[in-house]
Amino acid sequence: MARSDEETTCAWARQVIEAYLDGDLTADEAARLESHLSGCQACAEELALAKRLNLALRDLPEQRCPDRIADAVLDRVGKEPRAARRPAGWYPRVWRPAALAAMLLLVAITALVIKGAKPPPPTVTPEEIVRAEQQVRWTLAYVGEIGRRSAFTVRDDVLESRIVHPIRKAFSDVFEEEPTS
Amino acid sequence: MPDFREIVEQHRHRVYTFSFYCLGNAQDAEDVTQEVLVRLWKNWHKVKMDSIRPWLIRVTRNACIDAIRKRRSYRAVVADEGYEVMLTSAADAQPDPSSVMEISDLKQQLREAVERLGDPYRTIVILREIQDMTYAEIGEVLGVPLNTVKVYLHRGRRMLREQLRERVGHGQI
């Protein structure tokens, strides 16, 4: 192996030794590292050093907090008003009306937004509908009267397509959302 | 539901141990432990019972970082006020590397090396290797993914190795 390749492999090995000790390398990586360690004394020593350090680290003792520290804490907090543990979702009583008002306001705003999204249909009273129908009838009667006076007749199919239908459509546009054809 | 006294009893050694290895001396660890437990009392109504342990570790870690900052700024202030000579004398009084190499107490050196690690390496090494927490628990405390915890742990241990190799030498550990 060329010197630069060897240095690169040594650098890589030293990077991954900890992961190797924790079993976090893939099988291929672990095999590659073991193969390198078998031929590289310096990296093998590095692995041994890492193992010894990890053992020593885990052997560092849990420290005992002196009793006087706990006593001092309990003494200090005993002089302060007790902060009672409150159940989840607990709120001070004074906030409840404010919370209720906020909720009602939210409901009102939501309702307005929903209502505003689709404009309401025009409100038409039954009297207005009757009046409009009468106007249509008078118009048709007027057209018929003109025909008689002018001494010519209008065929029913022409009357339907040219007069009745446009008027009905105009009527629907005004008073209904979707015109009936 | 356990009361405050029981919680102090359950967790005080863990808080103290973390502070001790983070700050490197008993006096500072005692101060931080006391401060953290009083802070727990003040937040008693906010902290959920099942998250007391991660809460305590987070607050302890922050308190230790604050203590280290104060220590550094104190040194800076002292130096600014013309006490460089005293500091130099104190530094001279430290054992030189050659005498350090003669110290056989690996644990002491390891402890010092852990203290010198920067955060989050120090926190993760203490929580995992000394306090035996799982990767998942550490990730929850620090708010980082499990893989990040592993990467930091491996890097932290490598830093320790490099420190101790320089100070002690291969054959003496």
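B:D119 sits in the loop that links α6 and α7 of chain B. This is a predicted model. In it, B:D119 is partly exposed, because 15 other C-beta atoms lie within 10 Å. That count falls between the limit of 12 or fewer for exposed residues and the limit of 20 or more for buried ones.

The peptide bond between B:D119 and B:P120 is cis. Its omega angle is about 5 degrees. B:P120 belongs to the loop between α6 (106-116) and α7 (121-130) of chain B. B:D132 is placed in the loop between α7 and α8 (135-142) of chain B. B:D132 counts as exposed because it has 10 C-beta neighbours inside 10 Å.

Chain B as a whole is built from helices. It holds 9 helices and 0 strands. Along the sequence the pattern reads α-α-α-α-α-α-α-α-α. Chain B has 173 residues, and 32% of them are buried. Contacts between residues at least 6 apart in sequence were also examined in chain B; 67% of these join residues at least 24 apart.

The largest nonpolar core contains 46 residues. Within this core, B:Y21, B:V36, B:V114, B:I124, B:I126 and B:I138 touch the most other members. Helix α1 (residues 4-23) of chain B gives the largest share of the core, 9 residues. B:V36 shows what such a residue meets. Leaving out residues up to four places away in sequence, B:V36 touches B:V15, B:L56, B:V59, B:T60 and B:A63.

The helix α1(B) packs against helix α2 (residues 26-42) of chain B. Their axes are 8 Å apart, and the angle is about 140 degrees. The crossing of α1(B) past α2(B) is right-handed. On the α1(B) side, the contact is made by B:F4, B:V8, B:R12, B:V15, B:Y16, B:S19, B:F20 and B:L23. On the α2(B) side, B:A26, B:D28, B:A29, B:V32, B:T33, B:V36, B:L37 and B:W41 take part. By class, this contact has 12 nonpolar, 2 polar and 2 charged residues.

In helix α6(B), the residues B:Q109, B:L110, B:A113 and B:V114 are buried. Viewed down the axis of α6(B), the buried residues fall within an arc of 140 degrees, so they line one face of the helix. An α-helix has 3.6 residues a turn, so residues three or four places apart point the same way. The face of α6(B) that is turned away from the buried side carries B:K107 and B:Q108, which are exposed.

Chain A is also helical, with 7 helices and 0 strands. Its pattern along the sequence is α-α-α-α-α-α-α. Of its 181 residues, 7% count as buried. Among contacts in chain A with a separation of 6 or more, 51% are between residues 24 or more positions apart.

A:A13 lies in helix α1 of chain A. A:A13 counts as buried because it has 21 C-beta neighbours inside 10 Å, and the cut-off is 20 or more. Setting aside neighbours within four places in sequence, A:A13 is in contact with A:L33, A:H36, A:L37 and A:C43. For one of these, A:H36, the C-alpha atom is 7.8 Å from that of A:A13. The two residues are 23 residues apart along the chain.

The two chains meet in a contact that takes 29 residues from chain A and 35 residues from chain B. On the side of chain A that touches chain B, α1 (3-21), α3 (41-58) and α4 (67-78) of chain A each supply at least two residues. The largest share of this side comes from α3(A), with 9 residues. By class, the residues on this side of chain A divide into 17 nonpolar, 2 polar and 10 charged.

Key. Residues are numbered from 1 along each chain as its sequence is written. Chains are lettered from A and ligands numbered from 1 in the order in which they are written. This is a predicted model: local features need pLDDT of at least 70, side-chain atom pairs count only at pLDDT 80 or more; totals for chains, interfaces and linings use all residues. Two residues are in contact if their C-beta atoms, placed from the backbone, lie within 7 Å. Helices (H or I, at least four residues) and strands (E, at least two) are DSSP runs, numbered from the N terminus. Ala, Val, Leu, Ile, Met, Phe, Trp, Tyr, Cys and Pro count as nonpolar, Asp, Glu, Lys and Arg as charged, and the others, Gly among them, as polar. A nonpolar core is a set of buried Ala, Val, Leu, Ile, Met, Phe, Trp, Tyr and Cys residues joined through C-beta atoms within 7 Å. Axes are lines fitted to C-alpha atoms, for helices over the stretch in contact, and angles run from 0 to 180 degrees between N-to-C directions. A crossing is left-handed if the near helix is turned anticlockwise from the far one by less than a right angle, and right-handed if clockwise. The arc is that of the directions from the helix axis to the C-beta atoms.
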